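This report is meant for someone meeting the structure for the first time. It takes up the relation between the chains, then an annotated region, the sheets, a pair of helices and a few local backbone features.

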Protein chains: 2
Amino acid sequence: MLSRTLVSLLALAAPGTALAADRECAQSPGKVLELCVSVEGGAARYEVKRGDVIVIAASELGLSFAGEPAARYTAITDARRSASDSSWEQPWGEQRLIRDNHAELAVTIAGDTAFNKAMQVTFRIFDDGIGFRYTYAGIPAGQAVGVTADRTQFRTKGSYQAWWYEGLGQERDEYLYTQTDARRITLAETPLTLKGDNGLYLSIHEAALVDFPSMLLQGDGAGKLTAWLMPWPDGVGAKKTGPFSTPWRTLLVGTTPGALADSRIELNLNEPNKLPDIGKWFKPGKYVGVWWEMHLNKTIWGSGPTHGANNDNVKRYVDFAEKYGFDGVLVEGWNQGWDGEWINNGDKFSFTKSYPDFDLPMLSAYAKSKGVHLIGHHETAGAVVNYENQLEAALDLYAKVGVPSVKTGYVRHSGDILDREGGKEWFAGQFMVQHHLKVIEAAAKRHITMDTHEPVKDTGLRRTWPNWVSREGARGQEFNAWGRPTNPPEHLTILPFTRMLAGPMDFTPGIFDLEHGKTLLTERNQSTLAAQLAEYVVLYSPIHMAADLPENYEKHLDAFQFIRDVPTDWEVTKTLASEIGDYVVVARQPRGGGDWYLGAITDEMARVLPVKLDFLAPGKKYEAQIYRDAADADYVKKPVAYTIEKRVVTSADTLDLALAPGGGQAVRFKLLK
Amino acid sequence: MLSRTLVSLLALAAPGTALAADRECAQSPGKVLELCVSVEGGAARYEVKRGDVIVIAASELGLSFAGEPAARYTAITDARRSASDSSWEQPWGEQRLIRDNHAELAVTIAGDTAFNKAMQVTFRIFDDGIGFRYTYAGIPAGQAVGVTADRTQFRTKGSYQAWWYEGLGQERDEYLYTQTDARRITLAETPLTLKGDNGLYLSIHEAALVDFPSMLLQGDGAGKLTAWLMPWPDGVGAKKTGPFSTPWRTLLVGTTPGALADSRIELNLNEPNKLPDIGKWFKPGKYVGVWWEMHLNKTIWGSGPTHGANNDNVKRYVDFAEKYGFDGVLVEGWNQGWDGEWINNGDKFSFTKSYPDFDLPMLSAYAKSKGVHLIGHHETAGAVVNYENQLEAALDLYAKVGVPSVKTGYVRHSGDILDREGGKEWFAGQFMVQHHLKVIEAAAKRHITMDTHEPVKDTGLRRTWPNWVSREGARGQEFNAWGRPTNPPEHLTILPFTRMLAGPMDFTPGIFDLEHGKTLLTERNQSTLAAQLAEYVVLYSPIHMAADLPENYEKHLDAFQFIRDVPTDWEVTKTLASEIGDYVVVARQPRGGGDWYLGAITDEMARVLPVKLDFLAPGKKYEAQIYRDAADADYVKKPVAYTIEKRVVTSADTLDLALAPGGGQAVRFKLLK
């Protein structure tokens, strides 16, 4: 993998001083943010200012351990400063070159308990946010400890709105966001996005979640958020062995929603790529699959006359993929275990035995002969032990027949909770965090990429394990088939500033038959066709599905052309305009430069958004291929009405994006040579 | 007030010992429950066993204060034991004589912070539960302290189901209960009811909530519940001045739901009656009022041609009350301030100025001449300062014209939260706890009783202030007019074992026109007429409304007879059969003995419940006046169908209660002389 360090480790580091003060401060490289850490009255605290504005008021730090009381911190015994400004290249991503420009302040804080006697906190301060993590280097090697609480607080000042959903008791991250005063937060999943009366947008999240439970945020009714570790069944948060470090706790700070979306702190705080040859065995791309037809009840996952994953049907999708230039064909329901109440019988799933009407080696070879690959599928229904028992054999099979990519699933009943007898865990406790990485590593050995559904939230691990190409982890397109109810238009204007801050999402865009036989609005897509095209640009993933049925695309081949054209790998990404819950406009330049793509989506309100095209290269001409809502389009009454037009534009132009209610717009700016 | 001590303070108390052990235990009088308190590893803990079953595993105790770290507790420095078995008489209530039979263990625990250096915990151990409270006698008089956390934990063992709703961010206690695994609790209001796989039923609550914030219970995802104090806007839980005691934290333990309902620990832990002459100025009774017609949009609260509180209409209700033997007539919308968006303009309410078509002195005198009294009404819309400013004058006015009873209201917008500028607070923080008691005391001075809607939850304060006769504090009948949606049948089978454990509720039963013009089930009462009658027995309150319109009662005078007959003051109460969420059967004997009344309600399932009549006096004959669902009654299709029959029974008989879907049954057992 190409990785260039533009400016490596600036030698500003001062040697540690044995006589550190009770308060240590550091500023971000551009002096935008200031962070201070202090010890007083038994507590270690940090605070964050942006100019004169207090972003985080004095908030506690530290971990608590089983077997000892919560530590009182008594002094900062050491403080080390350094700075670094470098760039590195993503093998694939929303942006090729990532700049990592930060100041670092690493303090050692003395506490009065055995495990807390020397807690190190490493802060990295960027202009657009901070990250910090705890290191307990003094706990002896091999010493088992139980982390009972992460004491980290985030105390905002003033009044904030929050986009969130209740985080406890959920079996996955698939809920509509609610917007409330932040003081009404009970327990929120991260990334948690806040908008302040002070004009600031904040996002609280974590980076590099490895061998630790997922961190959620617990409210106190008065604006203080405290870290909450999704527990093991016995109530312990994390089970660790000394010495260890925690994931990074992160805070993004910006003055627009786009500043959050365009921040790369999350990736910068992850470890570098462990798979330097990934470029040889994975290319971003698009896929179709035997999937939406099951959600529409045209075929089924299980065996029988309406089994979707039969040889003829899969070949039909392969032929379609070849004809229109797609890379992959996903096939769900190919393996034994889907018959009956599979959700209660995940341990019946075989990941090596096909149904008799699905010939895996033949189909994989057939696909390859057409320049297409199959995408495998492993639905576990949460029966993780059964899956782990078969994991090596299952991946070996795919490696043998040449299936380079697998979608996994962990569907469970609503609110499925800790039950030791059944081997069940909260979906994002340490056990599941460990499990998912075990699968990723096993896949990487075989040059297989993974797309995890019902996953632990993303925390930037794709930097370290770039074969973890995408995840679900939010309410995706499938809800528009299920109707419990379907996603309202504003959902797509919230996702880019909440879930998507974590990383790529396999949303499965591109439904053209938006009503699919339903009459009730809450049982069909609440979207226009143009908005479906815009999703490919607005939502980042290196693999995007064209989710609808082949026959529905062939009815609108002119609009389908945008899906065929749009890439899934980018040189640069820019959020041009946005208001969370109202609208979003994103521009992306394909990797290697040249063209640009733009996607815009609105909520239930029609809007005209004037967008300056100053992101285009100056002096160049582009053909703008505009896929927009027709003048009478409306997600309720006329969702399919679209207009395609072409015109020549330059960076000096402004494009007025006219978006219908529930609509959107997709534009390819084709560089004219 | 009559108050007899049957067996006063048994002289079992041992003098305190300076060399207390690290662990002290005590058993309940009948040796049913054992409580132990211990100090180890910096933590003070308690545990509760019922025989060999661990009810509460070692769970932390203590408070934390602003300005100092969480205390480490180092030793039990003193332990005192005593026992008491006495009885006292309620001036009114669900049971006349209350036995208070408990062991007491009072320990002093040394902590290593200034405020926690000597924390006293007083446990009272009953056969059916425990209560405990903290006393900080060592904090100097006049020293202001901020309680930042109540560390009290309730760690159950094993698997429990819970009936609860999310407690944070609510503006009042009016939500449908959800039943989940207890590990899914985020933040639950109390009383919180749990049902264990071990056969135990638990209720966690508090008693004597005075000058302290309401305690809710925060889950950790693994079965541990921790006290959570509804905060002031600055995040502090309680603002106290030394020395002080907290309210009692209570735990009921039984093997049936009825054991929870029939426990009197809540009352026993409150201070004795401060109004010994209450019997001279308050008698339990029933009322009608200008109210349901407003919820049905037949008249309105505000002024104009459809103003409900006009002289003629009020006289109509007074005449009806006189004719059928009701004590009171509630009139809402009588005072100025209801016009326009009153919910946003609570500070516009006058509590002394009537609308011109409502002549308060004349109407009160008219009512008195008929042997009836008006029930006043003070809706504040949460504008507490405006109400407090007028409180003395408002109550003086009622005292002057002879209105002996007032209903108050604190309606706010959904999720109305802390906002210092508007003077708003969480509905059950310390500020509102103080406010409500201020109102009760001001009313008591004038011999006025109060019925608080949108209240702080009940914690047994009616023992101390028996002019606080009832409250709302749950989803009442009004939701059956609003339909957002209406209360499902199971609601009435959950209330008796959740909300009603706290104390009387002004549910306003007795709707006969169950469909009131609506066709959708979720917009009308989901109940049968017989179930409406049963509510008068199942739900305890010393004042019960006959909520429907006079003309609807006059269409069913035979069924109405039960409402006329049923008393609201009881000698004895017995929960005969129940399963939470399924059905409930309650028998009550009117104060003074003689007759008995029975009420039974089922959920959406039809049932036949055989009930042994062994609660009746042996050897006596009773006429059972049975008001039951007709054979074809059904809350969906035929809700009004009822049958009234009479037969002679004795205590040797069994009565088969046939309940329709969504139905119920009400029985008067009239003692035959």
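## How the two chains meet

Do the copies meet through the same surface or through different ones? In this predicted model, 100% of the interface residues of chain B are also interface residues in chain A, so the copies meet through the same surface.

## The annotated N-terminal region

An unreviewed UniProt entry carries the annotation "domain: Glycosyl-hydrolase 97 N-terminal", which covers residues 27-272 of chain A.

## A parallel sheet of seven strands

In chain A, 7 strands form an open sheet with parallel pairing, and their order is E28-E27-E26-E25-E24-E23-E29. Strand E28 (468-471) and strand E29 (543-545) of chain A stand at the edges with a single partner strand each, so one side of each has no neighbour in the sheet. On average, and with direction ignored, neighbouring strands of this sheet are turned by 30° against each other.

One pairing in the sheet can be followed down to its residues. Strand E26 (residues 405-409) and strand E27 (residues 449-452) of chain A pair in the parallel sense over 4 bridges, and Val406(A) has Met450(A) in E27(A) as its bridge partner. Helix H8 (residues 430-445) of chain A packs on this sheet, where it touches E27 and E28 of chain A, and its direction makes about 155° with that of E27(A).

## An antiparallel sheet of six strands

Another open sheet of chain A is formed by 6 strands in the order E30-E31-E32-E37-E34-E35, and here the pairing is antiparallel. Its edge strands are strand E30 (570-579) and strand E35 (642-649) of chain A, each of which pairs on one side only. From one strand to the next, the twist averages 15°. Within the sheet, strand E31 (residues 583-590) and strand E32 (residues 596-602) of chain A pair in the antiparallel sense over 6 bridges, and Tyr597(A) in E32(A) is the bridge partner of Arg588(A).

Helix H11 (residues 529-538) of chain A lies across E31, E32, strand E34 (621-629), E35 and strand E37 (664-672) of chain A, and runs at about 125° to E32(A). H13(A) lies across E32, E34, E35 and E37 of chain A, and runs at about 125° to E34(A).

## Helices H5 and H13

What describes the packing of two helices? Two packed helices are described by the angle between their axes and by the distance between those axes. In chain A, helix H5 (residues 311-324) and helix H13 (residues 557-565) pack at an angle of about 80°, with their axes 11 Å apart, and this makes H5(A) roughly perpendicular to H13(A). Phe320(A), Lys323(A) and Tyr324(A) of H5(A) make the contact with Leu557(A), Phe560(A) and Arg564(A) of H13(A). By class, the residues of this contact are 4 nonpolar, no polar and 2 charged.

In chain B, the axes of helix H5 (residues 311-324) and helix H13 (residues 557-565) come within 11 Å and cross at roughly 80°, and H5(B) and H13(B) are therefore roughly perpendicular to each other. Here Phe320(B), Lys323(B) and Tyr324(B) in H5(B) meet Leu557(B), Phe560(B) and Arg564(B) in H13(B).

## Local backbone features

Some loops hold backbone details worth looking up in the view. Gly242(A) and Pro243(A) are joined by a cis peptide bond with omega of about -20°, and Pro243(A) is found in the loop between strand E20 (238-241) and strand E21 (244-245) of chain A. A cis peptide bond with omega of about 0° joins Thr190(B) and Pro191(B), with Pro191(B) placed in the loop between strand E15 (187-188) and strand E16 (192-196) of chain B.

Lys31(A), although not a glycine, has a positive phi of about 60°. The place of Lys31(A) is the loop between strand E2 (23-27) and strand E3 (33-40) of chain A.

Definitions and conventions. Residues numbered from 1 in each chain as written. Chains lettered and ligands numbered in written order. Predicted model: local features only at pLDDT ≥ 70, side-chain atom pairs only at ≥ 80, totals over all residues. Heavy atoms only, no water. Contact = heavy atoms within 4.5 Å. Axes fitted to C-alpha atoms, helices over the stretch in contact; angles between N-to-C directions. Helix = DSSP H or I, 4+ residues; strand = E, 2+ residues; numbered from the N terminus. Parallel < 35°, antiparallel > 145°, perpendicular 65-115°, else oblique. Nonpolar A, V, L, I, M, F, W, Y, C, P; charged D, E, K, R; others polar. UniProt positions renumbered as here; feature names shortened; annotations may be inferred. Pairing = 2+ DSSP bridges.
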